[in-house]
Amino acid sequence: MSIKEFLAEVPLFADLSEPDLDVVAQRIRRRRYKDGETIFHRNEPGVALYVIVSGKIKIHNETPDGSDCIIAIFTEGEFFGELAVIDGEERSADATTLEPTELLMLTKEDLHDIIKRNPRISLHLLITIAGRLRRTTEAYQAYSSLDVNGRLAMQLLRLAEQYGIVTTSGVRIGVRLTQSDLGALVGASRESVNKVMGYFRRQQYVSVDEKNQITVLNQNALAKLSDMNV
């Protein structure tokens with residue numbers, strides 16, 4: 001698949017005409033990263049927006065006690081790094097690959113020019129940012145009202161909704177995460193997550209295969225723990 005064909009399937013650029021897609025494809029740059037490689041650091045200038053062709057990345061920050069706090073995980077077809085490109089401020093978090101990843105990079109200047117030519121891209125940006133802000137707000141509310149069981153249940157449901165692959169036994173989460181990653185997502189230690197995941201497996205709420213891929217078996221049970229509707 002060519003870059004132009006891929007861009008046509010990305011919601012951010014879905015409304016562009018063929019000539020405008022040609023312009024974006026000509027200006028965009030392809031980058032490949034290894035597993036665990038940093039794309040940008042917090043407090044760096046925001047020089048570009050990134051679109052994921054393949055692989056997965058995490059947006060994260062180090063907490064005062066030195067632990068990792070994952071803010072979001074993005075995968076194929078999603079974009080990130082837009083905030084600093086829009087407002088001109090420094091990066092608010094680190095971005096690191098979770099596996100070998102291929103990205104398309106669009107510089108701030110080129111993005112601004114494309115938005116001027118196609119104002120509807122601004123609407124797609126706003127809708128995406130609003131959705132991410134809503135999920136962040138819900139997460140902060142959960143941290144203040146739910147225990148580790150509830151926070152982990154909520155996160156597993158969200159991951160299943162965003163990256164779920166329906167199977168005969170349940171919904172497999174199409175993002176491979178370690179228990180340390182899950183802990184960083186829900187604000188808990190790896191040991192706490194290990195204990196809760198063991199309980200979830202015994203209760204047959206989830207299953208975990210030899211590749212650490214999680215399948216949600218009982219969405220209603222997790223929803224009850226997290227006070228979410230499914």
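Predicted model: local features only at pLDDT ≥ 70, side-chain atom pairs only at ≥ 80, totals over all residues.
**Entry 1**

I then looked at the E3–E6 pairing. Strand E3 runs over residues 48–54 and pairs with E6 in the antiparallel sense over two bridges. One I wrote down: Val51 has Phe79 in E6 as its bridge partner.

**Entry 2: the other four-strand sheet**

I went on to a sheet with the order E2-E7-E4-E5, which is open and has antiparallel pairing. Its edge strands are E2 (38–40) and E5 (68–74), each pairing on one side only. From one strand to the next, I have the twist averaging 35°.

E2 meets strand E7 (residues 94–97) in the antiparallel sense over two bridges. What does Phe40 pair with in E7? Its bridge partner there is Ala95.

Helix H7 (residues 179–186) packs on this sheet and touches strand E4 (57–62) as well as E5. I noted about 95° between the directions of H7 and E5.

**Entry 3: salt bridges**

How many salt bridges are there? I count eleven. I followed three of them in detail.

First on my list was Glu18 with Lys4, where the closest N and O atoms are 2.6 Å apart. Glu18 sits in helix H2 (residues 18–27) and Lys4 in helix H1 (residues 3–8), so I have a link between distant parts of the chain, 14 residues apart. Lys4 is partly exposed, its relative accessible area being 23%.

Next I took Asp113 and Arg27, whose side chains meet in a salt bridge at 2.6 Å, N to O. Asp113 belongs to helix H4 (residues 108–117) and Arg27 to helix H2, so this pair ties together parts 86 residues apart in sequence.

Then I checked Glu82 with Arg132, closest N and O atoms 3.0 Å apart. Glu82 is in helix H3 (residues 82–87) and Arg132 in helix H5 (residues 120–145), so parts 50 residues apart in sequence are tied together.

**Entry 4: helix H9**

I moved to H9 (residues 219–226) and asked which of its residues are buried. I have Ala221, Leu222, Ala223 and Ser226. I recalled that an α-helix has 3.6 residues a turn, so residues three or four places apart point the same way.

What covers the buried residues of H9? The cover includes helices H6 (148–163) and H8 (190–202), along with strands E11 (206–208) and E12 (214–216).

I looked at both ends of the helix too. At the N-terminal end Asn218 is the cap, with a side-chain oxygen 3.3 Å from the backbone nitrogen of Asn220. After H9 comes Asp227, and its phi is positive, near 60°.

**Entry 5: the whole chain**

Stepping back, I count nine helices and twelve strands in the protein. The radius of gyration is 19 Å, close to the 17 Å that the globule rule gives for 230 residues, so I can call the protein as compact as a globular protein of that length. The C-alpha trace spans about 55 × 40 × 30 Å along its principal axes.

Of the 230 residues, 45% count as buried. I also looked at contacts with a separation of 6 or more: residues 24 or more positions apart account for 68% of them.

Key
Residues numbered from 1 in each chain as written. Heavy atoms only, no water. Pairing = 2+ DSSP bridges. Axes fitted to C-alpha atoms, helices over the stretch in contact; angles between N-to-C directions. Contact = heavy atoms within 4.5 Å. Salt bridge = Lys/Arg side-chain N within 4 Å of Asp/Glu carboxyl O. Buried < 20%, exposed > 50% of the residue type's maximum accessible area, 1.4 Å probe, protein only. Polar contact = N/O pair within 3.5 Å; in protein donor to acceptor, adjacent residues only side chain to side chain. Rg over C-alpha atoms; globule rule 2.2 N^0.38 Å.
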